[in-house]
Amino acid sequence: MAKRELQEVNAGSMADIAFLLLIFFLMTTTMDSDTGLARTLPPIVPEDEPPPPPIKERNVFAVLLNSQNQLLVEGEPMDISELKDAAKEFIENPERKDNLPEFKEIEVPLLGTVEVSKGVISLQSDRGTEYQAYLMVQNELARAYNELRQEFARKKFGKDYKDLDEDEMKAVRMVYPQKISEAEPKNVGGK
Amino acid sequence: MAKFKKSRRGGQQAINTASLPDIVFMLLFFFMVSTTMKEVDLKVMIKPAQATELVKLERKELVTFIYVGIPNKAFQSLYGTEPRIQLNDQFATVDDIQSYIAQARDNMRESDQAKMIVSIKADRECPMGIITDIKQALRKAAALKINYSANQKADSN
């Protein structure tokens, strides 16, 4: 009997099968990575704990957001576009004004003794405030801090904040700690 | 004399397609590796909020999601048109959050439990009331690292 020549498997349809799988994965895939604003909530306070000592008024930057998504900053209505600069001025207090926050000197590794603002940003929203508006306020405040840190990093290290190594970043964060306190929301808007 | 025969004149030669499957498989593996399957079916409508100072959620296994929004059309007769919370695949109330967080934490590796992040994916028009309730519940559940989910805003300045 003559040995038959070994027949090659027809691989022509392999491409079709692979394409089918490829299209399946293309359809089910979600490439978008999740992004957002990271925040840390304050731990819950035990009820029998004495209330924290009051903070001097000059050290508090009060931001109120009502159910119509309107801003009230330090008792004055303000547009969201001005919030970042107002917050920066509050934290930095470049002219050492009396009505803006005090400074305390702390020891920071790598930098020595640095004056750090005692200012705290207090954010209070209403139950009817829109999420987007609230997030925009958070965003603007975060931007104020990010810009301050960036300027400081450029001045002290000659680098962008995001290019600093971990210790330097920590030092910059100690000089400009993100102090945003959120008060319990009010329910005035009646929603 | 002509040692090399001229190949047939006219009539195009077929391109060798033997390597096509390899190329397609390469693409396939790329997508298989980079893909993340949608974990849940959203039952609420979420138009994501927008912001500019975003941070990426790097490690997916640390993140637990809470969805907030108005129920889909199909569920509106049952659940109404007020914003609702969705945990995993079902609608829930604020009271369910603590047990949900505890459960999610149990499912994590012990070394990761302290790094747990809760991402709140809320519709941009959702009122803050419900979000505040969620935040209070998260504080009670001791899940303090949160992330307000938002998309990159097209630059306006």
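A salt bridge here is a side-chain nitrogen of Lys or Arg within 4 Å of a carboxyl oxygen of Asp or Glu. With that in hand, welcome to a predicted model, in which local features need pLDDT of at least 70, side-chain atom pairs count only at pLDDT 80 or more, and totals for chains, interfaces and linings use all residues. Residues are numbered from 1 along each chain as its sequence is written, chains are lettered from A and ligands numbered from 1 in the order in which they are written, and side-chain values use heavy atoms, with hydrogens and water left out.

**Salt bridges**

- Over all chains, the structure holds 14 salt bridges.
- One of them joins the side chains of Arg58(A) and Glu102(A), at 4.0 Å from N to O.
- Arg58(A) sits in the loop between E1 and strand E2 (60-65) of chain A, and Glu102(A) in the loop between helix H2 (80-92) and strand E5 (103-108) of chain A, so this pair ties together parts that are 44 residues apart in sequence. Helices (H or I, at least four residues) and strands (E, at least two) are DSSP runs, numbered from the N terminus.

**Where chain A meets chain B**

- Contact (heavy atoms within 4.5 Å) involves 44 residues of chain A and 54 residues of chain B.
- About 4500 Å² is buried between the two chains, with carbon and sulfur atoms giving 62%. Buried area is the accessible area (1.4 Å probe) that two parts lose on being put together, summed over both.
- On the chain A side, Asp34(A), Leu41(A) and Tyr131(A) lose the most area to chain B, together 19% of what that side buries.
- The interface has 1 salt bridge, and the side chains of Arg127(A) and Asp133(B) meet in a salt bridge at 2.8 Å, N to O.
- Helix H1 (14-28), strand E1 (35-40) and helix H3 (131-157) of chain A each give two or more residues to the side that touches chain B.
- H3(A) gives the most to that side, with 10 residues.

**The largest pocket**

- A pocket is an open set of points on a 1 Å grid over the protein atoms alone, with protein on both sides within 12 Å along at least five of seven lines; lining residues have an atom within 4 Å of a point.
- The largest pocket has a volume of about 1500 Å³, where a volume is the space filled by probe spheres set on the points, joined across faces, edges and corners.
- Its lining has 50 residues, and Leu37(A), Ala38(A), Arg39(A), Gln178(A) and Val55(B) lie nearest its centre.
- H3(A) supplies the largest share of this lining, 8 residues.

**The cavity**

- A cavity is a set of grid points where a 1.4 Å probe fits but cannot get out, and the count comes to 1 cavity of 30 Å³ or more.
- The volume of the largest cavity is about 60 Å³.
- Residues lining the largest cavity include Ile91(A), Tyr145(A), Tyr176(A) and Lys179(A).
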